[in-house]
Amino acid sequence: ERARGPGSGRAVLRCCASPRSRPRRGPDGAAGCRSFQGSQGRAYLFNSVVNVGCGPAEERVLLTGLHAVADIYCENCKTTLGWKYEHAFESSQKYKEGKYIIELAHMIKDNGWD
């Protein structure tokens with residue numbers, strides 16, 4: 001996934017060391033610098049991702065309430081990276097719909113982030 005990172009500049013994010021995992025050029029996708037909590041620690045919210053597959057949606061109770069989410073995974077190595085928000089049941093959480101959480105534990109920073 002290529003996105004504007006939480007620091008200044010641009011960064012290339014990968015989840016595995018395989019040269020095949022290097023993503024195609026994608027749109028700037030960071031939804032903001034705000035940090036989120038994933039199931040394995042710190043995570044970031046993105047507007048868009050590339051080279052990522054999506055599983056079926058299911059309802060889960062997260063820290064911010066009930067959401068319908070679908071796990072997302074690397075199309076190359078099949079590692080689960082986070083999830084996509086399909087539906088938020090609380091009005092204050094609607095801004096997350098259609099966006100992606102990627103956990104920091106699964107990111108390899110190739111360049112750019114401070």
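## Aromatic residues

Tryptophan 83 is buried, because its relative accessible area of 7% falls under the 20% limit for that class. This holds for a predicted model. Tyrosine 85 is also counted as buried, at 3% relative accessibility.

A pair of aromatic rings is described by the distance of the centres and the angle of the planes. Searching the whole structure gives one aromatic pair. Its members are tryptophan 83 and tyrosine 85, with 6.3 Å from centre to centre and 80° between the planes. The arrangement of tryptophan 83 and tyrosine 85 is edge-to-face, since an angle over 60 degrees counts as such.

## Surface patch

Where does phenylalanine 89 lie? Phenylalanine 89 is in the loop that runs between strand S7 (80–88) and strand S8 (100–103). With a relative accessible area of 38%, phenylalanine 89 is partly exposed, because that class covers values between 20% and 50%.

Phe89 belongs to a nonpolar patch on the surface, together with Val61 and Leu66. The accessible area of Val61, Leu66 and Phe89 together is about 280 Å².

## Cysteines

A disulfide is a covalent bond between the sulfur atoms of two cysteines. How many disulfides does a search of the whole structure find? The search finds zero.

Cysteine 54 and cysteine 74 can be described by their accessibility. Cysteine 54 is partly exposed, at 40% relative accessibility. Cysteine 74 has a relative accessible area of 5% and is therefore buried, as the value is under 20%.

Technical notes. Residues are numbered from 1 along each chain as its sequence is written. This is a predicted model: local features need pLDDT of at least 70, side-chain atom pairs count only at pLDDT 80 or more; totals for chains, interfaces and linings use all residues. Side-chain values use heavy atoms; hydrogens and water are left out. Patches are made of residues with over 30% relative accessible area and no salt bridge: like charges are joined within 9 Å, nonpolar side chains (Val, Leu, Ile, Met, Phe, Trp, Tyr) within 5 Å. Accessible areas come from the Shrake-Rupley method with a 1.4 Å probe; for residues, only the protein chains shown count as cover. A salt bridge is a side-chain nitrogen of Lys or Arg within 4 Å of a carboxyl oxygen of Asp or Glu. Helices (H or I, at least four residues) and strands (E, at least two) are DSSP runs, numbered from the N terminus. Buried means under 20% relative accessible area, exposed over 50%, partly exposed in between (1.4 Å probe, protein chains only). A disulfide is a pair of cysteine sulfur atoms within 2.5 Å. Rings of Phe, Tyr and Trp (its six-membered ring) pair if their centres lie within 6.5 Å; planes under 30 degrees apart count as stacked, over 60 as edge-to-face and the rest as tilted.
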